[in-house]
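Student: I've got a model open and I'd like to learn how to read it. Can we go through it together with questions and answers?

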Amino acid sequence: SRYLIVDELARHLSVDMQERFAAVLKNLCKEFNFTVIAVTHAPAFVEVADRIFEVTLNDEGRSEINER
């Protein structure tokens, strides 16, 4: 499998464009068989994700990663 790793890919897009872009990206992933690994705060990308991992800080200030 091929991977595309991105960080805040849609931060400069409007919410409407984020939704459109997320849908197009998901379709391209299926068509060309690749996986996107994205760091994002954009709900549009969370909504189309197959798997979601959330990074939070625990009480000791350490990062924790949990699958939703």
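Student: Let's start with Glu8: is Glu8 buried or exposed?

Tutor: First, a word on where the values come from: this is a predicted model, where local features need pLDDT of at least 70, side-chain atom pairs count only at pLDDT 80 or more, and totals for chains, interfaces and linings use all residues. Residues are numbered from 1 along each chain as its sequence is written, and side-chain values use heavy atoms, with hydrogens and water left out. Buried means under 20% relative accessible area, exposed over 50%, and partly exposed in between (1.4 Å probe, protein chains only). Glu8 has a relative accessible area of 16%, so Glu8 is buried.

Student: Where is the place of Glu8 in the chain?

Tutor: Helices (H or I, at least four residues) and strands (E, at least two) are DSSP runs, numbered from the N terminus. With that in hand, Glu8 sits in the loop between strand S1 (2-7) and H1.

Student: What is phi of Glu8 near?

Tutor: Most residues other than glycine have a negative phi. Glu8 is a residue other than glycine with a positive value, and its phi is near 50°.

Student: Asn33 has a positive phi too. Is Asn33 buried or exposed?

Tutor: Asn33 is not a glycine, yet has a phi of about 55°. The loop between H1 and S2 is where you'll find Asn33. Its relative accessibility is 55%, so Asn33 counts as exposed.

Student: Let's zoom out. In what order do the elements of the chain run?

Tutor: The chain has two helices and four strands. Reading from the N terminus on, the order is β-α-β-α-β-β.

Student: How many of the 68 residues, as a percentage, count as buried?

Tutor: For a sense of the overall dimensions, the C-alpha trace spans about 40 × 30 × 15 Å along its principal axes. The chain exposes about 5,700 Å², with carbon and sulfur atoms supplying 53% of that area (Shrake-Rupley method with a 1.4 Å probe; for residues, only the protein chains shown count as cover). Of the 68 residues, the buried part comes to 16%.

Student: How much space lies in the largest cavity?

Tutor: On a 1 Å grid over the protein atoms alone, a cavity is a set of points where a 1.4 Å probe fits but cannot get out, and a pocket is an open set with protein on both sides within 12 Å along at least five of seven lines; lining residues have an atom within 4 Å of a point. Grid points are joined across faces, edges and corners, and a volume is the space filled by probe spheres set on the points. A search of the whole structure finds one cavity of 30 Å³ or more. The space in the largest cavity is about 30 Å³.

Student: Which element supplies the largest share of the lining of the largest pocket?

Tutor: About 950 Å³ of space lies in the largest pocket, and 25 residues line it, with Val36, Ile37, Ala38, Ala49 and Arg51 nearest its centre. Six residues, the largest share of the lining, come from S2.
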